[in-house]
Amino acid sequence: MKYLQIINRMTLEEKASLMSGKDFWQTQDIEHLGIHSIFLADGPHGIRKQAAAADHLGLNPSIPATCFPTAATVANSWNVELGEKVGQYLGEEAAAQKVNVLLGPGINMKRDPLCGRNFEYFSEDPYHAGKMAAGYIRGIQSHGVSACVKHFAVNNQEERRMSIDTIVDERTLREIYLTAFEIAIAEGEPMTVMSSYNQLNGTYTNENLHLMQEILREEWGFEGVVVTDWGGSNDRVAGLIAGNELEMPTTAGETNEDIITAVKSGQIKEEVLDRCVDRLLDLIFTTEEVYKNRNEKSFNVEKHHEAAQQAAEESIVLLKNEDRILPIKKGVKAAIIGDFASEARYQGAGSSIVNPTVRVNTLDSLEQFGIDSIGYEPGFERYGKKSRKKIDKACALAKKADVVLLYIGLDEATEAEGLDRSNMKLPENQIELIHALHETNPNIVAVLSCGSAIEMPWIDKVKGLVHGYLSGQAGAKAILRVLTGEINPSGKLAETYPLRYEDTPAFGSFPGKEVSVEYRESLFIGYRYYDTANVNVLFPFGYGLSYTTFEYSNIQADRDGVTFNITNTGTIAGMEIAQLYVGCRSGNIFRPNKELKGFTKVFLLAGETKTVRILFDDKAFRYFNVKTNRWEIEQADYAIMIGASSADIRLESTLFVEGTDAPLPYDKENIPSMYAGKVRDVTKEEFEYLLGRQVPVPTWDRTRPLGYNDTIAQCQYAKGWLARFAFHLITFAYWFLRKIGKRSTANLIMMSVYHMPFRGIARMTGGIVNMPMLDGLLLMVNGNFFKGMAHFLKERKKLIKAAKLRSLNNEGA
Ligand code: BGC
């Protein structure tokens, strides 16, 4: 151990005290040993350091910081160096604000387009997400602060995120849900990892020995600190045994007592605790090093704002350009329509929310880009209220224009942490506007602002479509530069846009509604499914247009990699993202048709040709064999494909690869749907075969009393009348708030009350309610009102008495 000398001087109580927060954002300090508190702050695309009131829901303001484009946006750049640059700026701002651990990047897989937090994540592909995240981490940590890759792992739905049990087979877990973490940790070397809220195959991730010990520590050799997600700790001792060093936020010492008791009783060896303390001390001492020589509390706001704009410029995706309507020609009269032009939508809701240093809107910037605007009309009400008048006014304006620039998107309350979207549609009032405008003036260029995939049944009503995603505080200008041709767009989608939500692989099994969620589609998420099952999509993974064109030629694959040429065949310079996909041709082990195994972004002048080489790495041919319980390579012919998107393969070659001689892991006849890639038809029997055990009952057992890990929503069938009444009150409040247009507040009720497990009441109130008091509450919930109330009051009294005693002792000391 590195800090044995200090650890030897610590009492058991002091060691335990380090294992949970001192308050909402800081760790405990022990001044006489020279151990200071460190500060942890969100988030993935800008610093959210709260100076006063603290919360993890994005409610209270934070110190101004640059709001960079969200991860879902920068993902479209497919530029790892750009990710690293964004990380460097984030790291610099974290250091300027004296933040030691920056809680990001988030790299959960986009299993389903409706996950409310997809805007915070990179991709539906683990290779892509892992590489981008590694870039961010390197950038952030180059300033001496720690990045914290999150949420480890299989946290793919927001609703019921603190209780849901994710049922996933080992191969899928490894190949899809853990590979991004594996790459990010190996190549980015983050000092911190955040465990997720959910359970994995029956155990909370922070207590899951297989995940935390066998995989993270033993296989991947991670030596940093694991922090729980805020309020995510369940059984603190089990969490510590699994190696989850730090619990956040504070529980006012309650869980420290659990640790002390566990050590005294021999449930935990003190040595295990010492190792956890050692790792935490390393994080503390390493990340405070930077502040020894640094007094600089500011950063160059202007420069960082420009960097945020550049990141957006490289991430914008041109999805449609009929009749070459873009870039907008000089002198063209443009009608600016759509509420998002007057107030840009540039980030999502929840803990990642940034208080931006500057805000740019389209309307204020038109002149600067020489756009000849003939006027602006909102055209629709942002939160969905219909207005014929607004549509009529917009059409009247559009009639007089050569081109309509139509700013549409999802509002701030739709894509939010803690909630999943209920559909993939744009609000009806925007769709009506699109149709009406099309009748009036078909020269429409739509500019889309949202952080996740949507359906576009209206796509043939617009000639141009520019997707800005959530492009950060400077995004509006970046989009204008693309519209006017100052920037040649070079982004490509890092997620598939299906035609309809009904086409998606997890349709019907997302989100898990009660106890668990079954990942029956296994490996086949995103393009892996559409491509293998031959399902038509609107825009495939990896798709994006440019104002120029590219040709691919001369592929040569060898043992180490693949070489090919790209030529810019147009008249202006541009950047092309070339993607390497690999597909095994043997058919012995079920696999997606093709999987991303490399990519590169190349800048080419008009007419220029470059030779590109992409090397194969250890992940290019591997699969996880559940019989040998390790990564293997199947001896077979592999298709080596170079594509401009996953559905646009330009070059192909075949390579024979020697294998590792492992036994075949499956009997084909037991899982026919898997071998056919038709994973929407996977039966319970097939899924159980994959899992190697029975699928647990996915529904609530309404006959047993409610406990710590049941959610407040389950009060609907509680024995206690008060609990049932509270349930109806909550649902009424939710309904009422939505009715009067207070959607964000309504959402808050769902996320912080309705889906909260009972234990959250103790874990998230900073010691105001403790577990024994919660026992009293649960007695009431389960129908023992008077007994429960008496217990609650008795425990409350004890708590107050203990607090008084502590403060007297402190005064005395
Ligand atoms: C989120 C984390 C975040 C934390 C602290 C949690 O609710 O899931 O991503 O870092 O809050 O704000």
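Guide: Let's start with strand β2 (residues 101-102) and strand β3 (residues 146-152), which pair in the parallel sense over 2 bridges. This is a predicted model, in which local features need pLDDT of at least 70 and side-chain atom pairs count only at pLDDT 80 or more, while totals for chains, interfaces and linings use all residues. Residues are numbered from 1 along each chain as its sequence is written, and side-chain values use heavy atoms, with hydrogens and water left out.

Visitor: What makes β2 and β3 a pair?

Guide: Two strands pair if DSSP finds at least two bridges between them. β2 and β3 have 2 bridges, so they pass. For one of the contacts, look at V101, whose bridge partner in β3 is S146. As for the names, helices (H or I, at least four residues) and strands (E, at least two) are DSSP runs, numbered from the N terminus.

Visitor: Which sheet has β2 and β3 in its order?

Guide: An open sheet of 5 strands, running β1-β2-β3-β5-β8 with parallel pairing.

Visitor: Why are β1 and β8 called edge strands?

Guide: β1 (40-41) and β8 (225-227) each pair on one side only.

Visitor: How do you know that strand β9 is largely enclosed?

Guide: Buried means under 20% relative accessible area, exposed means over 50%, and partly exposed is in between (1.4 Å probe, protein chains only). In β9 (residues 317-321), 5 of the 5 residues are buried, so the rest of the structure largely encloses this strand. β9 also runs antiparallel to strand β14 (residues 464-467), with 4 bridges joining them. One example is N321, which has G464 as its bridge partner in β14.

Visitor: Now the rings. Why is the pair F539 and Y543 called stacked?

Guide: Rings of Phe, Tyr and Trp (its six-membered ring) pair if their centres lie within 6.5 Å; planes under 30 degrees apart count as stacked, over 60 as edge-to-face, and the rest as tilted. The whole structure holds 31 aromatic pairs. For F539 and Y543, the centres are 5.3 Å apart and the planes 20° apart, so by the rule they pair and count as stacked. F539 is buried, because its relative accessibility is 6%, whereas Y543, at 22%, is partly exposed.

Visitor: And what makes F785 and F786 edge-to-face?

Guide: Their centres are 5.2 Å apart, with 85° between the planes. F786 has a relative accessible area of 69%, so F786 is exposed, while F785, at 23%, counts as partly exposed.

Visitor: How do you know that the charged end of R111 sits over the ring of Y519?

Guide: The rule asks for NZ of Lys or CZ of Arg within 6 Å of the ring centre and within 35 degrees of the ring normal. R111 has its charged end 4.0 Å from the centre of the Y519 ring. R759 does likewise with Y204, at 4.7 Å.

Visitor: What is meant by a nonpolar core here?

Guide: A set of buried Ala, Val, Leu, Ile, Met, Phe, Trp, Tyr and Cys residues joined through side-chain atoms within 4.5 Å. The largest one has 160 residues, and I35, F152, W230 and L281 have the most contacts inside it. Helix α10 (residues 270-292) gives this core its largest share, 10 residues. A second, separate core of 70 residues includes F340, L366, I444 and Y469.
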